[in-house]
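This briefing goes through one protein chain by topic. Please keep the sequence and the structure in view while reading.

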Amino acid sequence: MAIRCLLKNAHRTALIGAVQLAIVVGASAVTAHADTSPLTTWCNLNLGQGKAEVLAAMGTPNGSQADSVAQLWTEMSPSSTSAEWDTSGAILLAGFDNGNTVHLMAYDAKYGGASPIGAPGITCEPFRNQNS
């Protein structure tokens, strides 16, 4: 009986510890993601990367300020697609062809998606193209 009670308490303690650990680790993971700037994530993307990987890193696309640029890409290459993320200071536009990243454009939101001005505060090349 004593062993049974001891095992029951040990199991309960282990379960509580596992739940507490999951809560602490889960909170840390969410905090770490929330602290990451979209521009930092953007600069960690690479040409040639798969579209699914880019979308997983950046999250759900949420912009349309550079639709004219995306439309031009589609006219030039009908198999191309794009995804855009608009932040307070940047318009981030990724272009894909055959499922791989061929354009990573970070425009200054103040001037719009057709301007030659890169996003302020970006630590990487604002206009990256596979063909250049």
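The model is predicted. Its chain has a mean pLDDT of 81, contains four helices and four strands, and holds one disulfide according to a search of the whole structure.

**Confidence**
- A pLDDT of 70 or more is reached by 73% of the residues.
- Where pLDDT is low, the predicted coordinates should not be read in detail.

**Elements and contacts**
- Starting at the N terminus, the order of elements is α-α-α-α-β-β-β-β.
- Among contacts with a separation of 6 or more, 42% are between residues 24 or more positions apart.

**Burial and surface**
- The chain has 132 residues, and 30% of them are buried.
- Its accessible surface is about 8300 Å², with 60% of this belonging to carbon and sulfur atoms.

**Disulfide**
- Cys43 and Cys124 are joined by a disulfide, with an S to S distance of 2.2 Å.
- Cys43 lies in helix α2 (residues 38-43), while Cys124 sits in the loop between β3 (100-108) and β4 (127-129); the pair is 81 residues apart and links distant parts of the chain.
- The disulfide of Cys43 and Cys124 is left-handed because the torsion about its S-S bond is about -75 degrees.
- Cys43 has a relative accessibility of 16% and therefore counts as buried, the cut-off being under 20%.
- Cys124, at 17% relative accessibility, also counts as buried.

Notes:
Residues are numbered from 1 along each chain as its sequence is written. This is a predicted model: local features need pLDDT of at least 70, side-chain atom pairs count only at pLDDT 80 or more; totals for chains, interfaces and linings use all residues. Side-chain values use heavy atoms; hydrogens and water are left out. pLDDT is the predictor's confidence in each residue, from 0 to 100. Helices (H or I, at least four residues) and strands (E, at least two) are DSSP runs, numbered from the N terminus. Buried means under 20% relative accessible area, exposed over 50%, partly exposed in between (1.4 Å probe, protein chains only). Contact means heavy atoms within 4.5 Å. Accessible areas come from the Shrake-Rupley method with a 1.4 Å probe; for residues, only the protein chains shown count as cover. A disulfide is a pair of cysteine sulfur atoms within 2.5 Å.
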